[in-house]
Amino acid sequence: MNFSSSSAPAPATLLALLRGRAHAEPDRRAYLFLADGETEAAQLTYGELDARARAIAARLQTIAAAGDRALLLYPPGLEFLSAFFGCLYAGVIAVPSYPPKRNRPDHRLQAIATDAGAKLVLTDADVLGELEPRLTHTPELRALQWLATDTIPGAEAAAWREPAIDGRQLAFLQYTSGSTSTPKGVMVSHGNLLHNLDDLDRGWEHTRDSVMITWLPIFHDMGLIYGALMPLFKGFLCVMLPPSSFLQRPSRWLEAFTRYRGTHSAAPNFAYDLCVASTTPEQRAKFDLRSWHFSLNAAEPVRAETLVAFNAAFAPCGLSPLTVSPGFGLAEATLKVSALPRAEPTNLAYVRSDELAQHRVVLGEPGTAGVQPIVGCGWGQVDNRYLIVDPETRELCPEDRVGEIWFGGPSVAQGYWNRPKETAETFGATLVSGDGPFMRTGDLGFVRGREVYVTGRVKDMIILRGLNHYPQDIELTVEKAHVALRPSCGAAFSVEVDGHEALVIAQEVER
């Protein structure tokens, strides 16, 4: 991991990772925050982050016990990182989320606080100073102990006592979106994180001179693990933008690459579409993207049209056509299940849509009616197994069949917090032969060669007149039907009407 001493053993915990960086290179700049996506507002060296983490941990050790859960409710900025590592340094389990909304109910946050059994809420002085309007509709949070970590004096670091932890200890709870059910807390250990970071590092050519440019929410697994922790893992600079600054003006992401010679990043598919739609050729002429080495496209279905359009739009800026690489992952696997190594061309499987509706993989001619591309999402690099399984029979599917993607390896998380039944169902799957356990991803797909192709979600499948329809395919068809329909702003789902499943489409229009 490029510590100064090549003989140093690999860290077993994130605590040991940061301590090693702080000891070897205390003055090396680790994180830079652009408050509005443009203005340098704060930075942290490894030594400063370590000192802040020790001060916060020392305070936590006076008011909490090892294993207690602490909600992390921070606006965008670097104080989240200080608090996150403060929890790790104290043996407290971090629960990342976002501050309660003003004068609006936040049922997801309430559900997370209750499910986690949180004792503490860590935030900053600004949020704490306007707590009353934020708690009007989330009164359950009043009973918790609130702490503004940015007010803790640095001198308290001297009182810190290093906890006895190893790779098996939980580092944090990553709560699922809760879009289709109550949010569940995925239990991620130090060992899970370090194994997944090692897997993420393979094939993406990170070096000490790399520069991460990220606007992803840091309480989300991709924003936290790849966006913020990978730079620490490899010892390179991370430049962070608030998510809202990107959404308000996507060109800020591209400007940051130009300004800081960014090399790595990650974003969902919609972000690449947004960059194309919101910039003109005249604006793109100002970007220099020659340094952009690798960019992960994951967290939602990857569209072949997006890759083509993004590469075409920004090739004049020096962007390599191999920069944007598809990947597939989920919180239950810590983050990554599979991804395409850098410099590998994206593979497309052109399949017949009518056969896909029957869960069959039948290749067709590109460009012909009724044939659609499915994007290959690469493969795992380190001690991973992924299988395509019939979820009903638990038998392996042949290469020409779509099934549920099952995953096994050291990156698989420890289960769901306080949910033994759901943990057994998701993390304890076995084949009919007895081989296992595997983690059920809930995603459908197929494997060609060693590469994973994701087709949709098991629970999202829409069945009409006996045919299976993937909602993302319907949504894409709808948004392309008229220029007034906003891209990536639609939803297709089904409801039961008079005993039959009927299709419902909700679609935003441009103002």
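Trainee: How many of the 10 residues of strand S19 (residues 439-448) are buried?

Mentor: This is a predicted model, in which local features need pLDDT of at least 70, side-chain atom pairs count only at pLDDT 80 or more, and totals for chains, interfaces and linings use all residues. Residues are numbered from 1 along each chain as its sequence is written, and side-chain values use heavy atoms, with hydrogens and water left out. Strands (E, at least two residues) and helices (H or I, at least four) are DSSP runs, numbered from the N terminus, while buried means under 20% relative accessible area, exposed over 50% and partly exposed in between (1.4 Å probe, protein chains only). Strand S19 is mostly covered, and its count of buried residues is 8.

Trainee: In what order do the strands of the open sheet of 4 strands stand?

Mentor: Two strands pair if DSSP finds at least two bridges between them. S17 and S18 pair over 5 bridges, S18 and S19 over 4 bridges, and S19 and S20 over 6 bridges. The pairing is antiparallel, and the order is S17-S18-S19-S20.

Trainee: Which strands stand at the edges of this sheet?

Mentor: A strand at the edge has a single partner strand, so one side of it is left without a neighbour in the sheet. That description applies to S17 (385-389) and S20 (451-457).

Trainee: By what angle are neighbouring strands of this sheet turned against each other on average?

Mentor: Axes are lines fitted to C-alpha atoms, for helices over the stretch in contact, and angles run from 0 to 180 degrees between N-to-C directions. For this sheet the direction is ignored, and the average is 50°.

Trainee: How many residues apart in sequence are the parts tied together by Trp-292 and Phe-310?

Mentor: This pair is edge-to-face, with 6.0 Å centre to centre and 90° between the planes. Trp-292 counts as buried at 2% relative accessibility, and Phe-310 does so at 1%. Trp-292 lies in the loop between helix H12 (281-284) and strand S12 (294-297), whereas Phe-310 lies in helix H13 (residues 304-314), so the distance in sequence is 18 residues.

Trainee: Over the ring of which residue does the charged end of Lys-184 sit?

Mentor: A charge sits over a ring if NZ of Lys or CZ of Arg is within 6 Å of the ring centre and within 35 degrees of the ring normal. The charged end of Lys-184 is 5.2 Å from the centre of the ring of Tyr-416.

Trainee: Is Asp-50 buried or exposed?

Mentor: Asp-50 belongs to helix H2 (residues 46-63). Contact means heavy atoms within 4.5 Å, and, its neighbours within four places in sequence left aside, Asp-50 is in contact with Leu-18, Arg-19, Ala-22 and Tyr-89. Its relative accessibility is 4%, so Asp-50 counts as buried.

How values were computed: Rings of Phe, Tyr and Trp (its six-membered ring) pair if their centres lie within 6.5 Å; planes under 30 degrees apart count as stacked, over 60 as edge-to-face and the rest as tilted.
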